[in-house]
Structures are given as C-alpha cells and as structure tokens.
Amino acid sequence: MAARPARKRLQPAERRGMILDEALRLFAERHFSVVTVRDIALVCDINVGLLYHYFDNKDDLVRRALGHAIEQLMIGYEQRRAAGPAPLAEILAWLDAHVELAPTLALMVKLMSDYASSGLRDAEVDALIAGFYGREKQLLEEALQRGVESGEFAPVDIARTARRIGLILDGIFYASASRGDDRIVEDILDLADFVRTTLGVPAEAAA
C-alpha cells in the first residue's frame, strides 16, 4: 500500500486561517447549524483536539469565520483605497475589493443569510454584521459627500445613494446564489458603471 503523503507543516497563523477558510466553506455549503466541529476537523485533515487548541467551540468558529471574511474584505479595500484617495477611487476600491474576494464573500453572504433566518441570536455575530454594514455605510457616505462638495459628483442624496450601492451589492450576491448564474464579477463591474453614471462622472474622467 502506498505511503500517505506527509502533511505539510503549517505555522499557527497559516493553520488558523486554513481552518477558518474551510469552516466558512462548510457553513455556507451546508447550513452552519448542522456542521459539526468534527466535520471541520475532517476536511482540514487535523484531529479535533488540535482544532480546539485554536477555537473554543463551534459557536466561536462561526464568529471567527465570519470575522475572518470581513477582515479580508476590509484589508483588500484599504490596499486599493491607498492607491487612489479621490472620492470616486474610494468607491471603486470598495467594489474592486468585492470583485477580488467574490468567492469568499459569496460564502460570507450565505452564512449571514442562514444566520438571519435561523432565529438564533448571538451578540457577537450580530455586532460583526452590524459593524460590517455600518462601516460600508460610513465609507460610501464619506466618499460621496466629498465628491459632491468638490463638484466631482453631481448633487445626489448622500444617504440614499450609499444605501442603494450597498443594497445592489448585496443583491448581486444573493441573486447569484438563487439564480445559479455565477455573474458576480460581471454584475459588480456593471454596478461600477452605474455608479459613475449616477454620479455624473464622464467616462474619460473615470478612466
């Protein structure tokens, strides 16, 4: 019988990230309520005891997996935002980060949707979700406000426009799951064009 390949030894931070990635995938592909710690350990090819070395229990894994996905999005946004601090560049950086992390964010949205409909409540998960949408609202409104005040954007209702962008982004991910058409990237790029049009930014200026 062929020998089993030696398992690659990961640094603690790498292993923790790998566990969170696999947990998020399982929580989204199934339903977080039916996934067990043993299921996660199995797909990670580690024993349950090692998993408990990193996380307290399954509830802790749900929180950390969601937080891990949100953190990746915020890091991606900040990296892109640093390259272009203009108001339009900041909004497009938010959309670009969603394009780059589309597979992970699709899993995140599915987990949040399942959690919302489960009837279960966890104060930390609620805070993570509220914080995520609060941060999105803040960054979009601030960029829109600066763009309108500088004359770069057409006069728009700041709060309503920011909310619409956020709602459309959510809708893109939910629609991909319900329709099964896998058009997330194309639809976000289309949203970017829609945002430019709404804000009255000429194509040559956007380029």
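Analyst: The side chains of Arg64 and Asp60 form a salt bridge, with N and O 2.8 Å apart. This is a predicted model, in which local features need pLDDT of at least 70 and side-chain atom pairs count only at pLDDT 80 or more, while totals for chains, interfaces and linings use all residues. Residues are numbered from 1 along each chain as its sequence is written, and side-chain values use heavy atoms, with hydrogens and water left out.

User: Why is the contact of Arg64 and Asp60 called a salt bridge?

Analyst: A salt bridge requires a side-chain nitrogen of Lys or Arg within 4 Å of a carboxyl oxygen of Asp or Glu. The N to O distance for Arg64 and Asp60 is 2.8 Å, so the pair meets the definition. Both residues belong to helix α4 (residues 58–83), and they are about one helical turn from each other because 4 residues separate them. Helices here are DSSP runs (H or I, at least four residues), numbered from the N terminus.

User: What makes Asp60 buried and Arg64 partly exposed?

Analyst: Buried means under 20% relative accessible area, exposed over 50%, and partly exposed in between (1.4 Å probe, protein chains only). Asp60 has 7% and is therefore buried; Arg64 has 28% and is therefore partly exposed.

User: How do you know that Glu124 forms a salt bridge with Arg63?

Analyst: Their closest N and O atoms are 3.9 Å apart, which is within the 4 Å limit. Glu124 is in helix α7 (residues 123–150) and Arg63 in helix α4, so the pair ties together parts 61 residues apart in sequence. Arg63, at 18%, counts as buried, whereas Glu124, at 32%, counts as partly exposed.

User: What do Arg135 and Glu78 tie together?

Analyst: These side chains meet in a salt bridge at 3.2 Å, N to O. Arg135 lies in helix α7 and Glu78 in helix α4, so the linked parts are 57 residues apart in sequence.

Definitions and conventions: Helix = DSSP H or I, 4+ residues; strand = E, 2+ residues; numbered from the N terminus.
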